[in-house]
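Me: I am new to this one. Could you show it to me first, and then take my questions?

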Amino acid sequence: MDEEMPSEVSSVEAEVARETWITRMGFIFAVWGSMTGLGNVWNWPFKVSVLGGGPFVLIYLVLLALIGIPVVLTEFVLGSTFRRGFPGALKRIHPGGEFLGWFTLVNAAILTSFYVVIIGWAAVYAGYALTMAPLPGAMEVAPGVAPTFLDQPYFFVNVLLSPLTVVGLIAVWIVIFIIDYFGTRGIERSVMIFFPLLWIVIIMMALFALAQPGAAEGIDFYLDPLRVDFDYVEMIGKATGLSFFKLSAGMGILTAYASYLPRKGELTNSAVTTSLLDTTFAFTAGLAVFPIAATAGVLGAGGAGWAFIAWPGGMTGVGGNLLGFVFFIMMVLLGITSAVSLTEAIVTAVMDKWGWPRNRTVIVIVLLLFVMGLPFASWFEAPGSAGGEDVSWGLYLLDIFDYYVEFFGLAIVALFMMLIMAWVWGGSKIIDAANESGDFKLPSWYTWVVKIVSPIGIAIALVFVALQGFYMPGVIADDPGTAPLLFQIPFIWFGIVVIFAIILWRMKGVD
Ligand code: TRP
């Protein structure tokens with residue numbers, strides 16, 4: 001049936017009803033909002049410091065040019081050409097493409113379900129910094145004394161081992177729901193406010209941080225330009241995975257957002273601008289975080305544990321509770337604009353396939369994602385945990401799924417999407433579509449970047465990550481009772497994603 005529906009016809013017909021962004025600026029800000037999230041403040045700076053300092057930043061920029069930006073651009077082209085969400089657009093290239101589309105969205109839905117749990121913790125922290133109300137059910141640090149930010153790890157353990165995780169989760173989902181209920185209007189309006197606000201906050205924080213006595217030590221920890229002992233294999237593998245996570249690539253989001261563009265999208269320009277804005281924000285966040293951490297004496301290895309244990313205590317020690325509040329509210333807003341984007345990518349795909357109205361779709365998808373997140377918000381204590389890091393079942397599951405979704409899921413999607421777009425559809429068509437508008441024209445040799453360089457780069461990165469071995473949080477791997485069960489997780493992850501993708505793909509729709 002696809003042969004009877006040439007893409008020109010279907011895209012013209014889709015034009016009638018589809019929502020659009022009010023301004024091109026709105027599109028750019030919305031994409032930036034999606035790209036710039038929790039990852040900018042925790043993930044990026046810490047991977048830089050752990051994996052290779054300044055030289056890592058250079059490698060990241062090279063990979064951005066060779067792999068990241070071509071993938072972003074290709075997702076844009078897909079959305080703006082076919083004016084559908086990810087599955088519907090890929091279906092117009094090849095019927096099997098729709099399977100990849102749903103695989104992508106199921107994988108990214110798992111990511112979102114635990115990502116919002118983390119935003120929920122940040123919301124609890126922000127609420128605490130604002131009100132200083134003792135946490136309900138707090139384990140006491142002394143008789144009658146509830147833990148504060150400074151009493152770590154008790155404060156974090158207290159949050160993790162209490163239903164507050166679910167309270168935070170619900171609060172954040174309510175905000176996401178409200179924004180997405182109004183579709184592109186809601187997204188555009190919210191990012192128009194958040195964009196300037198978040199930039200002002202991160203720049204002021206960086207200036208404040210650089211004025212602290214620990215600034216030099218912090219920057220040295222962050223960028224260490226003289227380091228030479230790199231593990232290039234790990235660096236390249238992880239930098240590629242990180243760039244997809246950062247750029248919202250391999251999630252179907254960029255295609256969904258580009259499908260709302262009016263005709264002249266200036267795609268190349270938008271891809272470069274948004275990717276560089278995201279990297280700049282991440283770089284600035286590093287300048288804000290490390291000098292404060294060094295001043296407080298809490299420079300450390302990063303990760304969820306560090307972010308919610310050492311950092312909040314150290315930070316409030318240096319900048320008081322006001323800084324604590326500003327920081328965590330910033331995390332909440334950064335996270336929400338990312339989570340909204342994936343919710344919207346799923347919503348638009350469901351609306352395309354089954355012709356549901358927006359309000360019903362948003363309610364169903366938000367409820368579904370909320371329920372999927374509950375295991376990650378589980379506050380029951382996991383066996384073998386000694387208090388400190390990795391205490392609840394929720395955090396264990398989150399740690400493991402995060403690794404597989406981020407380092408394998410996104411890259412697998414990006415690889416197959418590039419192959420379908422550049423080889424089945426046509427590499428030169430990608431370049432033509434990108435060059436349709438805007439003053440920045442890609443040269444014709446760029447066809448080989450999307451056909452050869454970028455897919456091979458992704459494949460190499462996947463092999464490099466696999467060569468690092470598969471990750472298990474230490475306590476679980478050491479615990480004979482739980483290790484066998486949890487070792488199945490990569491297979492459970494892959495199985496779940498494939499089965500649901502097949503079901504959604506085979507279901508009858510109207511599109
Ligand atoms: N880019 C985001 C970050 O850096 C991650 C992200 C993008 C994301 N889109 C998402 C997370 C959708 C969850 C759902 O943090």
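The conversation below turns to the ligand and its surroundings, and then to aromatic pairs.

Me: What kind of model is this?
Reply: This is a predicted model.

Me: Where does the ligand sit?
Reply: The ligand is located in the largest cavity.

Me: Which helices give two or more residues to the shell around the ligand?
Reply: They are helix 2 (24-35), helix 3 (38-51), helix 6 (97-131), helix 11 (232-247) and helix 15 (310-354).

Me: How many residues surround the ligand, and which are the closest?
Reply: The ligand is surrounded by 16 residues. Met 35, Gly 39, Tyr 115, Phe 245 and Lys 246 are the closest.

Me: And by class, what does the shell have?
Reply: Eight residues of the shell are nonpolar, seven are polar and one is charged.

Me: Which atoms lie 2.4 Å apart at Lys 246?
Reply: A polar side-chain atom of Lys 246 is 2.4 Å from an oxygen atom of the ligand. At Phe 245, a backbone N or O atom is 2.9 Å from a nitrogen atom of the ligand. A polar backbone atom of Leu 38 lies 3.2 Å from an oxygen atom of the ligand.

Me: How much of the ligand does the protein bury?
Reply: The protein buries 100% of the 360 Å² that the ligand exposes when taken alone.

Me: New topic: how many aromatic pairs are there?
Reply: The count comes to 48 aromatic pairs. One of them joins Trp 32 and Phe 195 edge-to-face, with 4.7 Å centre to centre and 75 degrees between the planes.

Me: Where in the chain are Trp 32 and Phe 195?
Reply: Trp 32 is in helix 2 and Phe 195 is in helix 9 (residues 183-210). The pair links distant parts of the chain, 163 residues apart.

How values were computed. Residues are numbered from 1 along each chain as its sequence is written. This is a predicted model: local features need pLDDT of at least 70, side-chain atom pairs count only at pLDDT 80 or more; totals for chains, interfaces and linings use all residues. Side-chain values use heavy atoms; hydrogens and water are left out. A residue is near a molecule or strand if one of its heavy atoms lies within 4 Å of it. A polar contact is a pair of N or O atoms within 3.5 Å; within protein, one must be able to donate a hydrogen and the other to accept it, and residues adjacent in sequence count only if both atoms are side-chain atoms. Accessible areas come from the Shrake-Rupley method with a 1.4 Å probe; for residues, only the protein chains shown count as cover. On a 1 Å grid over the protein atoms alone, a cavity is a set of points where a 1.4 Å probe fits but cannot get out, and a pocket is an open set with protein on both sides within 12 Å along at least five of seven lines; lining residues have an atom within 4 Å of a point. A molecule sits in a cavity or pocket if more than half of its atoms lie within 2 Å of its grid points. Helices (H or I, at least four residues) and strands (E, at least two) are DSSP runs, numbered from the N terminus. Ala, Val, Leu, Ile, Met, Phe, Trp, Tyr, Cys and Pro count as nonpolar, Asp, Glu, Lys and Arg as charged, and the others, Gly among them, as polar. Rings of Phe, Tyr and Trp (its six-membered ring) pair if their centres lie within 6.5 Å; planes under 30 degrees apart count as stacked, over 60 as edge-to-face and the rest as tilted.
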